[in-house]
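Please look over the sequence and the model below before reading on.

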Amino acid sequence: MKNKLLLSVLLASSVAFADTSMVDKKAVTETEVITAQKQWGECIVKIGKAGAKDAKTTALNCIDTLYAYDNGGVLFKPTKAAKKQFRMDKQEALSYFVMGNIAEDHGFALQPWSNVRFENAKTITDSDSAIAMGNYYFTDAKTNKEVKVEYTFGYIKDKNGKLKINLHHSSLPYAPAH
């Protein structure tokens, strides 16, 4: 009886040990989301500082680094998009950030902005993805005034474990008519 009890305890502890050693490396943490948001904001500022000659290359590097266009696609609804509301590929995202093949685009990241800060209302993480919603604030580099924008970003990990944006929806806050 003692041996069976001892064996049961040993088996239970080895199973518990095995479970902790097999932690899902794809799990997304809130800390990773905050880091990705900081990188996104830094990219927007960097594009604006790059100047006309390097802005497109800088923006494309940011899109490749931060967005999941090569990992299943992205649902992208930019803030200042009306006629072509949704940007389903890299070239359409690039057009939005630095001007390109979509007539309504005026280069959102070319503003330039001196800072972007996120204020998360809530972040939900699960085994392999996360979604964050809140406000982000863009500081105009010329006037130092902040513009408040509402956002929802979704995140997944690529095959290398790098967090990528697969959902980007932003809009200006509702302003009721007086």
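Two residues are in contact here when they have heavy atoms within 4.5 Å of each other. The model is predicted, so to speak of local features a pLDDT of at least 70 is needed, side-chain atom pairs count only at pLDDT 80 or more, and totals for chains, interfaces and linings use all residues. Residues are numbered from 1 along each chain as its sequence is written, and side-chain values use heavy atoms, with hydrogens and water left out.

Helices (H or I, at least four residues) and strands (E, at least two) are DSSP runs, numbered from the N terminus. The chain has three helices and five strands, in the order α-α-β-α-β-β-β-β along the sequence. Buried means under 20% relative accessible area, exposed means over 50%, and partly exposed lies in between, with a 1.4 Å probe and protein chains only. Of the 178 residues, 39% count as buried. Among contacts with a separation of 6 or more, 50% are between residues 24 or more positions apart.

Lys77 is found in strand 1. Is this lysine buried or exposed? Lys77 is buried, because its relative accessible area is 14%. Leaving aside residues up to four places away in sequence, Lys77 touches Gln85, Phe86, His168, His169 and Ser170. Ser170 is 93 residues from Lys77 along the chain, yet their C-alpha atoms are separated by 6.3 Å. The side chain of Lys77 also reaches the backbone oxygen of Ala81 at 3.5 Å. A polar contact of this kind is a pair of N or O atoms within 3.5 Å; within protein, one must be able to donate a hydrogen and the other to accept it, and residues adjacent in sequence count only if both atoms are side-chain atoms.

Arg87 is placed in the loop between strand 1 (75-77) and helix 3. With a relative accessible area of 0%, Arg87 is buried. The residues that Arg87 touches, not counting those up to four places away in sequence, include Glu92, Glu104 and Asp105, as well as Tyr69, Phe76 and Tyr96.

Helix 3 comes next. Seven of the nine residues of helix 3 are buried, namely Glu92, Ala93, Leu94, Ser95, Tyr96, Phe97 and Val98. These buried residues pack against helix 2 and strand 1. At the start of helix 3, a side-chain oxygen of Asp89 comes to within 3.1 Å of the backbone nitrogen of Gln91.

Most residues other than glycine have a negative phi, and most peptide bonds are trans. At 45% relative accessibility, Met99 counts as partly exposed. Asn144, in the loop between strand 3 and strand 4 (146-157), also has a positive phi, near 65°. Asn144 counts as exposed, because its relative accessibility is 60%. The peptide bond from Gln111 to Pro112 is cis, with omega near -5°, and Pro112 sits in the loop between helix 3 and strand 2 (113-125).

A disulfide is a pair of cysteine sulfur atoms within 2.5 Å. The count by this rule is one: Cys43 and Cys62, whose sulfur atoms are 2.2 Å apart. The link is left-handed, with -90° about the S-S bond. Both Cys43 and Cys62 are buried.

On a 1 Å grid over the protein atoms alone, a cavity is a set of points where a 1.4 Å probe fits but cannot get out, and lining residues have an atom within 4 Å of a point. Grid points are joined across faces, edges and corners, and a volume is the space filled by probe spheres set on the points. There are two cavities of 30 Å³ or more.

The largest cavity has a volume of about 50 Å³. Its lining includes Cys43, Cys62, Trp40 and Phe97, and helix 2 (residues 30-66) gives the largest share, eight residues. Ala, Val, Leu, Ile, Met, Phe, Trp, Tyr, Cys and Pro count as nonpolar, Asp, Glu, Lys and Arg as charged, and the others, Gly among them, as polar. On that basis the lining of the largest cavity has 10 nonpolar, no polar and no charged residues.

The second largest cavity has a volume of about 30 Å³. Among the residues that line the second largest cavity are Trp40, Phe97, His168 and Ser170. Its lining has eight nonpolar, three polar and no charged residues.

Key. 1 Å grid on protein atoms, 1.4 Å probe; cavity = no way out; pocket = protein on both sides within 12 Å on 5 of 7 lines; lining within 4 Å.
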